[in-house]
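Biologist: Can you walk me through this one? I would like the strands and the metal site.

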Amino acid sequence: MPEGHSIRRLATLLDRLFTGRTVGASSPQGRFSAGAAAIDGWTVTGTDAHGKHLFIELEPPGGGEPRFVHIHLGLYGAWSFATADGGTPHAIGAPRVPGPGTPASGDREGSPLAGSPVGRGRVSSSQNAEDYITLVAGGTEDGQFVPPEPRPTVRLRLTTDSVAADLTGPARCDLIDLGQKDAVHGRLGPDPLRAADARADGADDDGAGPDVEGESPGADVERFVAAVRRTRRSIGELLMDQSVIAGVGNIYRAEALFRARIHPRTEGRAVSVKRLHAMWDDIGELLRSGVELGVILTTLTEDRPGPAPETWARAAERATEEEADYRWYVYHRAGRRCHVCGGTVSGGVMAARTVFWCATCQKKLRAR
Ligand SMILES: [Zn+2]
């Protein structure tokens with residue numbers, strides 16, 4: 001399942017492609033027919049991400065109350081983007097698709113798709129590439145973009161005169177109003193990416209990128225700390241609870257706990273305020289790195305022989321087995337050697353998903 005950094009990258013990509021544009025909307029599969037019909041011909045005015053929830057904001061022609069497409073990809077959701085010229089990352093991220101926030105000519109580094117797989121078909125998730133995004137070739141007829149025939153499983157198709165975006169297999173795709181959107185935010189815990197944006201917004205608001213209405217970052221970390229410390233539930237379970245912290249999935253959970261050297265079965269109430277502040281900051285750093293690189297890279301430079309972080313997004317697709325193995329400390333590495341102590345990495349089920357840890361490096365803390 002895509003974790004918070006992926007949803008943020010999708011929000012940024014959709015923002016670049018659609019914000020300010022009037023869109024055609026349809027539901028070839030039929031399960032979002034009424035919603036799609038309601039927003040067909042509306043203008044996209046922004047996107048937003050909170051944890052694993054994605055929002056596309058639209059306004060009716062001539063203005064009026066905005067509505068939001070609320071999407072949760074779940075385990076199987078994916079987007080595919082078709083552009084006129086074959087849908088290279090360059091075409092997606094660069095001025096061929098002009099719009100607010102479009103990077104300067106030739107700038108591929110800032111593309112949300114930099115480092116993502118190109119072409120039909122999904123890349124094996126063990127490679128940790130962006131297998132929830134696929135780029136496909138559209139076509140042109142008399143110089144006009146002609147989107148490909150949608151597959152019958154497409155829940156929502158959004159089109160402009162230069163791009164078609166198809167959403168398939170989401171756990172959720174609903175049309176909601178502002179009050180309902182606020183209710184979704186209310187149910188979700190703090191998201192370290194939104195907290196960082198709230199800080200950045202105060203300092204430098206250029207109006208680009210996803211809309212963010214964050215509380216003060218201090219309030220966010222305090223909510224996280226309080227939610228963890230009030231319970232005997234394990235920290236491994238709490239990090240997967242989207243009402244405690246939003247955006248963390250199975251990879252970030254295992255890796256953040258390793259980096260903090262805390263055993264996943266430690267009770268929430270046993271983790272000190274100081275450690276939780278450090279963990280919040282660390283998860284925020286990991287998520288921001290994921291947004292930037294498009295892959296999850298959690299090992300410190302000194303703990304791996306692979307390339308430097310800035311080259312990793314490219315290296316990820318053709319990484320050697322050794323480089324891939326050094327991307328993470330413990331996630332999906334049960335039975336292998338710990339990169340830090342040389343011991344054996346363990347695995348066990350927690351919050352319905354397998355959690356991984358090193359019993360030597362990670363201590364089970366006791367409540368005082
Ligand atoms: Zn170890």
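**Sheets and metal site**

Modeller: Trp79 has Ile133, in β6, as its bridge partner. Before going on: this is a predicted model, in which local features need pLDDT of at least 70 and side-chain atom pairs count only at pLDDT 80 or more, while totals for chains, interfaces and linings use all residues. Residues are numbered from 1 along each chain as its sequence is written, and side-chain values use heavy atoms, with hydrogens and water left out.

Biologist: Which way do β5 and β6 run, and how many bridges join them?

Modeller: They run parallel, with five bridges between β5 (residues 78-83) and β6. Strands here are DSSP runs of E, at least two residues, and helices are runs of H or I, at least four residues, both numbered from the N terminus. Two strands pair if DSSP finds at least two bridges between them.

Biologist: What is the strand order in that sheet?

Modeller: The order is β1-β9-β10-β5-β6, an open sheet of five strands with mixed pairing. At the edges are β1 (24-26) and β6 (133-137), each pairing on one side only.

Biologist: What lies across it?

Modeller: Helix α1 does, over β5, β6, β9 (154-159) and β10 (163-168), at about 30° to β5. The angle is taken between N-to-C directions, from 0 to 180 degrees, with axes as lines fitted to C-alpha atoms, for helices over the stretch in contact. Contact means heavy atoms within 4.5 Å. α1 (residues 4-18) also lies across β2 and β3, running at about 170° to β2.

Biologist: What sheet do β2 and β3 belong to?

Modeller: An open, antiparallel sheet of four strands, ordered β2-β3-β4-β11. The edge strands are β2 (43-50) and β11 (172-176), and the twist averages 20° from one strand to the next. Six bridges join β3 (residues 53-59) to β4 (residues 67-72); Ile56 stands opposite Val69 in β4.

Biologist: Switching to the metal. Which residues hold the zinc ion?

Modeller: Cys338, Cys341, Cys358 and Cys361, each through SG, at 2.2 to 2.4 Å. Donors are N, O and S atoms within 2.8 Å of the metal (3.2 Å for Na, K and Ca); water is not among the atoms, so sites may look incomplete. Their spacing along the chain is C-x2-C-x16-C-x2-C.

Biologist: Why call it tetrahedral?

Modeller: Because the four donor atoms subtend angles of 99 to 114°, and four donors count as tetrahedral if all angles lie between 85 and 135 degrees. The ideal angle for four tetrahedral donors is 109.5 degrees.

Biologist: Is Cys338 buried or exposed?

Modeller: Cys338 is buried, at 3% relative accessibility, whereas Cys341 is partly exposed at 36%. Buried means under 20% relative accessible area, exposed over 50%, and partly exposed in between (1.4 Å probe, protein chains only).

How values were computed: Tetrahedral: all angles 85-135°; square planar, octahedral: opposite > 155°, others 65-115°.
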